[in-house]
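Trainee: I would like a close look at one part of this structure. Please take me through it slowly.

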Amino acid sequence: MSAPEPDRRVFLNHATRALAGVIGTHVTARVGGWGPKIQAVMGLRGGDARRRVPAALRIAIVDTRGVAAGSTSSRPLTTFGMGVDLGMDEAARAATLLGGAIELVSRVSGARHAIGLIERERLSVVISAASPDETAELGDAAARHGVALLNASATDDGLRNARCARHTFHVAASDAMRADAQRLWSAGASHPAPRADGGEVVLWDARLERFGAAQLNARFESRFHQPMDSDAWAGWFAVKVAWEASQRAKAVDGGAVAVYLERDATQFDGQKGVPLSFRGWDHQLRQPLYVRERAQRPETPSSTGAEPDRGAEPTPVPPSNTEASRTALDSLGTSEQASTCRWS
Amino acid sequence: MVMSRLILGIQCLTLAGLLTATGVAAQTRSAASRPASLLFVSNEGSRDVTVVRLPDLSVAATIPLRERPRGIQPSADRRRVYVALSDSIPTVQSPGDAIAVIDVASRKVIARYAGGTDPEQFAVTPNGATLYAANEDAGTASAIDLRTGKVSETMAVGIEPEGVAVSPDGRWIYVTAETSNTVSVIDTRSDRVVASFLVDVRPRAATFAPDGKRAYVSAEIGGSVSVVDTRTHDVITTIALGDRSKPVGVVTSPDGTWLYVANGGTNTVAVVDAAAARVVATIPVGRRPWGITISRDGARVFTANGLSDDISVIDTRTRTVVATVKVGKRPWGVALVER
């Protein structure tokens, strides 16, 4: 589904305002000048206008498997929700150093509810773990209102092709990327021996150690007492991306965030050892994936408190020794030539 | 490959042994009467410190350690070498997290100071009184009083702090943080964080220019060095080193003209014209250089090469590697004690 003409104007209006803050200031940005010193705002709350802090990056979370704000459900926080919480904590911590603020406006479990928030709440960014159809609906609403949407879970290729939306950015790997990773792994391209059994493709694994992965895994585990999985990494990374984009662009509106994410020179660190960036043609995050054998899952700590045997690290694809450039990372998923995404 | 490197290393060693006219060799005017200059290399894989004698580049000693050593720096009076040790339990402070004190003369560990949790890099103030260490997992920096060996102050800095640098006048400490892409500025008069600023993606090491007016911060994922005006604590320009460079260690020449940056991704040292803010030469070294140091006269640069288990010795005049010396497993940092 292509965005109608008015959406493009919204994007471009936000873009024009944002560009002044983005061009040429990628590394000179000092974000101390956001008006008065603002304390980071955390916690679940929504719609309380008296407590609304100006110039905060306002984030809403959609987690269709998780608990809604104020819910009495006994369902535990999903690992995606835990990753979001870790990312929020770290962004709030950075805000105390650099100025600015990040606010978790609400955490909802349905896309319909989230669309209402997009329409009413002057959100900057929505981070979603939702079905492909819900993600598409959220993407359309985000585009209409100049909000950036970070998709942390839907793998559907259609969202990156015919149903692509200008304000939607995909942290989750696409089905095409996952299939390519498995194919490369099975062919032995990144593994000493060819594999017939079919590995499990993941964004993250709690056994990863290199490139700062051990530190991230330790921070997650010390807070939530369980291993960091792919959903948790996606939640953490989505918040990190939103916060950094806002810091670098020196702006909190979703259009400015989207412009920054779309820039060719923009790159992020996700503790995977290579610069991560969003493809210009479909807004898919370029990233190494990891393939692990089916039985190679990290175990949760045992009730006795003994350290679980976590075995060897899973195999990165593309292999980390290629010093994965953008070209290498683009060997996973839909190429620019094959993409059917057309920004309107 | 390994064998050819080994042979090359031996050849270079022999060559270096014959070199007496320039550089480090020239400083050792009367080797018989004065103690030799020594290079201390922290090996995080083999958990020890290799001591290399200069100028002949022979291994003088290997100092075993129980924990994983990383950051390594000489004391202000060069009678001691400090080395940061971490245990295998992140986020929890334990006796394994420490700053070990090596006596240069006896080449023995003579004391262990508390270093906060998981200390990684650190800097010693020019007056020799205080050591500032980055505590990677705690997100703090610790000030350690070197007269008492006790932590005198703990300051919250960015997330995953790593690099620590002290200004030549001892006033400012810069602490990089890898996840938050920040540098926190500590005023040593108050031991408070007085400013923080953004740098390029995943900052690792920092160093000050000899005149103190500029500081340089490497960014591993950004593939660059950020140049900082130390009067305003702001980035004024960024020097691109290449997409795959993955820079870590950075030092300046004694006159501030050149920067030498260890590019862990391309197994090279970039020579940067500091005034022009551009790379003027690239020197191939061992595999994955991280730690780097320079001799007082600027004639030699040494890199710790984590994946080839050796150090490279660079002649800065010819901009070539003149020797390679095998050390322990996964060398991380390198400290030079000149006599």
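Trainee: How many helices and strands are there in chain A? And, as the close look, which residues of helix 7 of chain A and helix 8 of chain A make their contact?

Mentor: This is a predicted model, in which local features need pLDDT of at least 70, side-chain atom pairs count only at pLDDT 80 or more, and totals for chains, interfaces and linings use all residues. Residues are numbered from 1 along each chain as its sequence is written, while chains are lettered from A and ligands numbered from 1 in the order in which they are written.

Chain A has nine helices and ten strands (DSSP runs numbered from the N terminus: H or I of at least four residues for helices, E of at least two for strands). Among contacts in chain A with a separation of 6 or more, 69% join residues 24 or more positions apart (a contact means C-beta atoms, placed from the backbone, within 7 Å).

Now the part you asked about. Helix 7 of chain A covers residues 230-249, and helix 8 of chain A covers residues 254-262. Their axes come within 9 Å and cross at roughly 95° (axes are lines fitted to C-alpha atoms over the stretch in contact, with angles from 0 to 180 degrees between N-to-C directions). The two helices are therefore roughly perpendicular to each other (65 to 115 degrees; under 35 is roughly parallel, over 145 roughly antiparallel, and the rest oblique).

Helix 7 of chain A brings Val241(A), Ala242(A), Ala245(A), Ser246(A), Arg248(A) and Ala249(A) to the contact, and helix 8 of chain A brings Ala256(A), Val257(A), Val259(A), Tyr260(A) and Leu261(A). By class, this contact has nine nonpolar, one polar and one charged residues (nonpolar: Ala, Val, Leu, Ile, Met, Phe, Trp, Tyr, Cys and Pro; charged: Asp, Glu, Lys and Arg; polar: the others, Gly among them).

Ala242(A) also has a place in the largest nonpolar core, which has 197 residues (a core is a set of buried Ala, Val, Leu, Ile, Met, Phe, Trp, Tyr and Cys joined through C-beta atoms within 7 Å). Ala242(A) is among the residues with the most contacts inside that core, as are Leu289(A) and, from chain B, Phe40(B) and Tyr132(B). Helix 7 of chain A gives the most to this core, with twelve residues. In soluble globular proteins, nonpolar side chains tend to be buried together. As for Leu289(A), leaving out residues up to four places away in sequence, its contacts include Ala173(A), Met177(A), Val201(A) and Leu332(A).

Technical notes
Buried ≥ 20, exposed ≤ 12 C-beta atoms within 10 Å, placed from the backbone. Contact = placed C-beta atoms within 7 Å.
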